[in-house]
Amino acid sequence: ADPQSISVLCPFSGPMLVMFGYGDRITTTVNNAARSKLLAGICPAMENAVVVKNSGAINAEEIMARDTDLIVTNAGVYETAAEREKLDAMSIPYIVIDFETIEEQFRAVRVLGEALRQSEKAEQYIKWFQSALDRADEAAKTGTPVRLYHAVNEAVRTDYKGSYCAEWIAHTGVTNVSLESGALNMEGNKAYTTLEQIYAWDPDLIVCNEAQVDDYILSDEKWVGLSAVQTGRVYQIPIGITRMGHPSSLETPLALLWLTKLLYPDTFDLDFEKELRDFYMNFFGFTLSDDWLAAIKDGSEMRTPKTNDKEE
């Protein structure tokens, strides 16, 4: 009814619980949430949370040692037999949160909001998200479609039909080249292409959601023949609490607004810095300093180094 010690075993739910005012009750977490410098800045208590999940396996003993009242996890844990056995053996109430579409993400937010008696805040967030979708849809009517390539984490990992990233990017009106042709190599829910295929697509614009991937693409001689590289149209999506627009991100609307402004600078009325300040104030009660603002736009120092290369 009133959980005092919460274990968060999925990257999406940690920031959501902080948004709902439960950050100081998160006693155990995942490596991804622990790496976010902005989340720790917003909620310093997050620095005390012990990482109990990294690359799949959960540390049940550590969770139980924290007198945990509630566990929030995702389908990756729940659908793995050995990990689900751990969940059931602990006899601690748990909620499974997962989504692959924006509509499913709204449902996930509502489930968390209901569980933590924060339904009003959940609906406020969903209303803001929907308004960003509507604004992008309207702006997309004003421009000429651009051929875009989206690099997810790595230069050659990208979107695929039906993916979360493909869905939000579609609202900007671009032609997402990885959806139109060419075979993708699927590894679970991750899609990989090749540099040769990217040359065949020859996109007008490249956006990257991982820090410094844009620098790599712009500076590596193997990429120099691409139109987007030659015109300098390779950009990094800002990074806040999460990599904005990533499949586990709560800041996808910010990525959507940023990209829409990039595509339609003359017709889309947006002050992105104001959008950032308003978001963190309205949903986290956090005043974004000029230093934080610059760091988010730069992105390179927003996440501490990985402790395990397999961490998503």
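Colleague: Where is the place of glutamine 212?

Modeller: Glutamine 212 sits in the loop between strand S12 (205-208) and helix H11 (213-219). Helices (H or I, at least four residues) and strands (E, at least two) are DSSP runs, numbered from the N terminus. This is a predicted model: local features need pLDDT of at least 70, side-chain atom pairs count only at pLDDT 80 or more, and totals for chains, interfaces and linings use all residues. Residues are numbered from 1 along each chain as its sequence is written, and side-chain values use heavy atoms, with hydrogens and water left out.

Colleague: What is phi of glutamine 212 near?

Modeller: Phi is near 75 degrees, a positive value in a residue other than glycine. Glutamine 212 is partly exposed, at 48% relative accessible area. The scale is this: buried means under 20% relative accessible area, exposed over 50%, partly exposed in between (1.4 Å probe, protein chains only).

Colleague: Which other residue has a positive phi although it is not a glycine?

Modeller: Asparagine 153, with phi of about 70 degrees. Asparagine 153 is in the loop between strand S7 (147-151) and strand S8 (157-158). At 10% relative accessibility, asparagine 153 counts as buried. Its C-alpha lies 7.3 Å from that of cysteine 208, across 55 residues of sequence.

Colleague: How many disulfides does the structure hold?

Modeller: The general idea comes before the count. A disulfide is a covalent bond between the sulfur atoms of two cysteines. The test is a pair of cysteine sulfur atoms within 2.5 Å. The structure holds 0 disulfides. Cysteine 10 is in none, and the nearest cysteine sulfur, that of cysteine 43, is 16 Å away. Cysteine 165 is likewise in no disulfide; for cysteine 165 the nearest cysteine sulfur belongs to cysteine 208, 13 Å away.

Colleague: Is cysteine 10 buried or exposed?

Modeller: Buried, with a relative accessible area of 2%. Cysteine 165 counts as buried too, at 3%.

Colleague: How is a pair of aromatic rings described?

Modeller: By the distance of the centres and the angle of the planes. Rings of Phe, Tyr and Trp (its six-membered ring) pair if their centres lie within 6.5 Å; planes under 30 degrees apart count as stacked, over 60 as edge-to-face and the rest as tilted. The structure holds 15 aromatic pairs. Take tryptophan 128 and phenylalanine 279: their ring centres are 4.7 Å apart and their planes stand at 25 degrees, so the pair is stacked.

Colleague: Which parts does the pair of tryptophan 128 and phenylalanine 279 tie together?

Modeller: Tryptophan 128 lies in helix H8 (residues 119-140) and phenylalanine 279 in helix H14 (residues 272-284), so the pair ties together parts 151 residues apart in sequence. Tryptophan 128 counts as buried at 15% relative accessibility, and phenylalanine 279 is buried at 2%. Tyrosine 280 and phenylalanine 284 give a tilted case: 6.4 Å centre to centre, with 35 degrees between the planes. These two are 4 residues apart in helix H14, which is about one helical turn. Both tyrosine 280 and phenylalanine 284 are buried. Ring pairs join Phe106, Tyr125, Trp128, Phe129, Phe279, Tyr280, Phe283 and Phe284 into a cluster.

Colleague: At what angle do the axes of helix H13 and H14 cross?

Modeller: Axes are lines fitted to C-alpha atoms, for helices over the stretch in contact, and angles run from 0 to 180 degrees between N-to-C directions. The axes of H13 (residues 252-263) and H14 cross at roughly 170 degrees and come within 11 Å. That makes H13 roughly antiparallel to H14. The classes are: under 35 degrees roughly parallel, over 145 roughly antiparallel, 65 to 115 roughly perpendicular and the rest oblique.

Colleague: Which residues make the contact?

Modeller: H13 brings Leu254, Leu257 and Trp258; H14 brings Phe272, Glu275, Leu276, Phe279 and Tyr280. Contact means heavy atoms within 4.5 Å. By class, there are 7 nonpolar, no polar and 1 charged residues. Ala, Val, Leu, Ile, Met, Phe, Trp, Tyr, Cys and Pro count as nonpolar, Asp, Glu, Lys and Arg as charged, and the others, Gly among them, as polar.

Colleague: What is found in the loop between H13 and H14?

Modeller: Proline 265 is found there. Proline 265 is partly exposed, at 46% relative accessible area. Its C-alpha is 10.0 Å from that of alanine 139, 126 residues away along the chain.
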